[in-house]
Structure formats: structure tokens, C-alpha cells
Amino acid sequence: MKIVGIIGLVLLTALIQVSFLPALRPMGIVPNLALVVVLYAAVELAASEALATAVSIGVLLDIASGVDFGLRTAFLSFFCLLVIIIRRTGADFSRLSMAVAAVVSAGVLWNVAVLISVILSRDTILWGQAIRIIGMETAINCLLVLALHLPLRWFMQNITGRQPVVAIRG
Amino acid sequence: MRKKGAQRVLIVLAVGVVLVLFGRSGVQAAGGIFGSITSPVARLFRIGGSGSGNFFRFMGQIKNLNTSNDRLEREVAELKLQLAQDNELRVQNDVLRRQLNFNSIPANKLVPAEVIAYQPDNFREYITINRGSRDGLRVGQAVVSEGTLIGKLANVTTSTAQVFLVVDPDFRIAALDQTTRTTGTVHGQIGRGLVMEKIPQDQTVNVGDTVISSGLGGELPKGLILGQIESLNHQNNEIFQTAQVSSNIKYNQLELVFVVVGQ
């Protein structure tokens, strides 16, 4: 049941990230659903399961991407490990504020990583446009976290057999 | 217990590293198979996303409908007049082409393809289509939509292919102004569409001129439309001029494209 749930989550996340969200493009921006799902996997699943989720989603996104093969796998795995390690110090990512902070930080870092790969291959970037896009993506990712905070945690706690949480803690 | 968990984490990490570093071709081949299996589902997701996106964009544009309508009616009247004149020119053009044995892209050299996936992030511009090597596609072939060059094939598997779009900041193509025959290089800019640069200072380009591929380098055929000159940036202390190039293509909303095979 757990394996089926995780595989289903991975496939659904990848399909939505490459087909639905880019076609929808709220305000012209593609939100980063993969980042949000990996965050909650790192919070609710065992470490190896969360990492397997991150690696699988990353590989699928790398296959769908035409460039920088491996970048998404590496970043999502690194993000997952970082969340797991920080959790062990006592940080509570099940709190909404922590989840939003994690996704905002990771989202900015991710976009900087992509921009670095563009700079290394070519010379100039319109920084004003790049900053505008990063800002808008960050805002939309925050809305995504607000919308999916309970459903994702409920789903993952269900597939792991734990009592689902019903309350939002800030 | 913790040791076992740490071992599992290391194993998963190792698998990930191996896949990324050493298994790229295998992963991409598997990805091609995966793509062909999930293509119908991806298509449905894409249609759902496009429909929802179009609905919200329409709701945001309602208040401008009246003004747009008046402007469009005027444009239609002007275009009808121009069409009548162009029909005459087309007849003359056909006669001349037959006499000189020139060939435009024949219809049977275009392979239609649906877009099933897009780049999953914001700064790079690639799309995935549901045609591959079994349909005659090869890396480097030009891809057009509504008569405009939108990119070239970058990766091709048996049943899918990835299109490197012209609006990607890494895309470069030698181009020329169709009217003045001025040459330059067109490339994508993040968030700003296309720009034509390396235009010599002593050469002329005019706002409204059509920009086409020049065929230099032999990568892509000559004569494929890229867009129209929207604005010029001419500064006397610079070696080259630059021009902003725009087209009617909505690169973020592509649904049907055509691959030019047999070029």
C-alpha cells in the first residue's frame, strides 16, 4: 500500500509538473510542485522513502527537461537530505511557517542554480526579468504550500498508516 | 535501527548518483518508453492545464474586449484589402517559381506533432512532442508552428522528441532582414522573447520588417520566418545594433507543431 501510494504520488507529481502546470502557467509562471511534494515526503516519510521519492521525481523531471540532465535529481535529493538533517536538530517542518520558509529558500536557490547554468553557457541575462520571475514563482509556491499543507500530510500519513493530522499549526 | 536507516539512505543516494552520472543514455531510453506510455495521460493533463489557463486569462481580459474588438475590425478591413493585392502577387510568384524550379517546403515534408510536455521550470524553454525517430524525426530538424520557426529538435527517442525553442537564452540562429537583407544573430532572452543582435552599424533594419533564417551554417533551412522587428536599439558608440523581434507565437501555449523532415 505504501509503495503503491509513493509510486502514484511520484508519477502524479511528475505528470502535473511537466504537463498541467506549464500549460496553466498562473501569471505566466510555472510553480514548483515537485519541491513542495519532496518537502512533505521528507517530513512525513522515512528517510530512505523520502529520498527515493526525491530521486524518482528528479529523474522523471530530468528526462522531461531538455537540458542540464541530473540537476533536478541532485537538487531535490540535496533538499530532501537537508530537511531530514535539520529535522533531527528539532526543527518542526509540519508547522506551516517552517514549510513556507523551506520552500521559499529552496525555490530561490533552485532558480539561482538554473540561472548559473545559463550564465556558464552564455554571457548576459536580463537580471530585472530574472528577479521578477523568481519573485513571482516564490509567491505562487507559497500559495501552493498553503493549499497542499493539509492534503499532502494527510495523504502521506494515510499511506504510512499513521493517524492523519487535521489541524494547521503556524 | 538508525544504522539500517542510514544504510538505506546511502543505497538510495548511490542509485541516484549512478543513474545521473553513468546511466544517462539508459535513463533517457527508458524515458522514451515511459514517455510513449504516459503520452496520452500527459496530453490530457496538458489539455486540462491549457483550458484552465485560457479560462482565467479570458476572465482577466473581459474589460478590454470592446477596445480589442474595434481594433480587430479595423485590422480585418485593412487585411482584406491587402489580401486582394497579395493574391495577384502570389499568382505572379507561382509562375516565376515554376519557371525557376524553386521549391518551398512541400506539405508532405511536414510531420504534425502534439505537445505533450513542457520544460518543468521557468528559465529554460523546451517542449516534448509525441513524435520520434519512428516517424522520421532526426536531431537538428526545424520545427515550425503557424508558419513560424519555433525551434529545432534536440533529443529524439523512438516515440517522442524534445524541441529546443528559439526563445531559450541558449538558442542562436543566423538570421536576416527579409527586406533589407541585413544579417544578424537571433537569440532568446529570459522573459523578453527574441532579440536580433550583431547588426552592423552601417546596415539598415526597419520596424515591421520580417526576420527570417539565413541558412548560414547549414543547420536550419533558409527562409523560415522568425518574427518581425518590433523596436531598434541603435547607439553610435556601439559596434553593433540590436533589435527586438516579436511574433504572434505564444511559445508558452504551443499545442500543435510541425517538424520539417527531409531538409
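Begin with chain A and chain B together: about 4,200 Å² is buried between the two chains, with carbon and sulfur atoms giving 67% of that area. The model is predicted.

Next, select the residues in contact across this interface. Chain A contributes 50 residues and chain B contributes 46 residues. Colour the side of chain A that touches chain B by residue class: 32 residues are nonpolar, eleven are polar and seven are charged.

Turn now to the specific pairs. Between chain A and chain B there are two salt bridges. To view one of them, select Arg72(A) and Asp121(B), whose side chains form a salt bridge at 2.9 Å, N to O. Polar contacts across the interface of chain A and chain B amount to eleven residue pairs, both residues being at pLDDT 80 or more.

Then display the helices of chain A.

Move on to α4(A). This helix has 18 residues and spans 26 Å from its first C-alpha to its last, close to the 26 Å expected at 1.5 Å a residue. Within α4(A), the buried residues are Arg72(A), Thr73(A), Phe75(A), Leu76(A), Ser77(A), Phe79(A), Cys80(A), Val83(A) and Ile84(A). When inspecting their positions, recall that an α-helix has 3.6 residues a turn, so residues three or four places apart point the same way.

Notes:
Residues are numbered from 1 along each chain as its sequence is written. Chains are lettered from A and ligands numbered from 1 in the order in which they are written. This is a predicted model: local features need pLDDT of at least 70, side-chain atom pairs count only at pLDDT 80 or more; totals for chains, interfaces and linings use all residues. Side-chain values use heavy atoms; hydrogens and water are left out. Contact means heavy atoms within 4.5 Å. Buried area is the accessible area (1.4 Å probe) that two parts lose on being put together, summed over both. A salt bridge is a side-chain nitrogen of Lys or Arg within 4 Å of a carboxyl oxygen of Asp or Glu. A polar contact is a pair of N or O atoms within 3.5 Å; within protein, one must be able to donate a hydrogen and the other to accept it, and residues adjacent in sequence count only if both atoms are side-chain atoms. Ala, Val, Leu, Ile, Met, Phe, Trp, Tyr, Cys and Pro count as nonpolar, Asp, Glu, Lys and Arg as charged, and the others, Gly among them, as polar. Helices (H or I, at least four residues) and strands (E, at least two) are DSSP runs, numbered from the N terminus. The expected span of a helix is 1.5 Å times one less than its number of residues. Buried means under 20% relative accessible area, exposed over 50%, partly exposed in between (1.4 Å probe, protein chains only).
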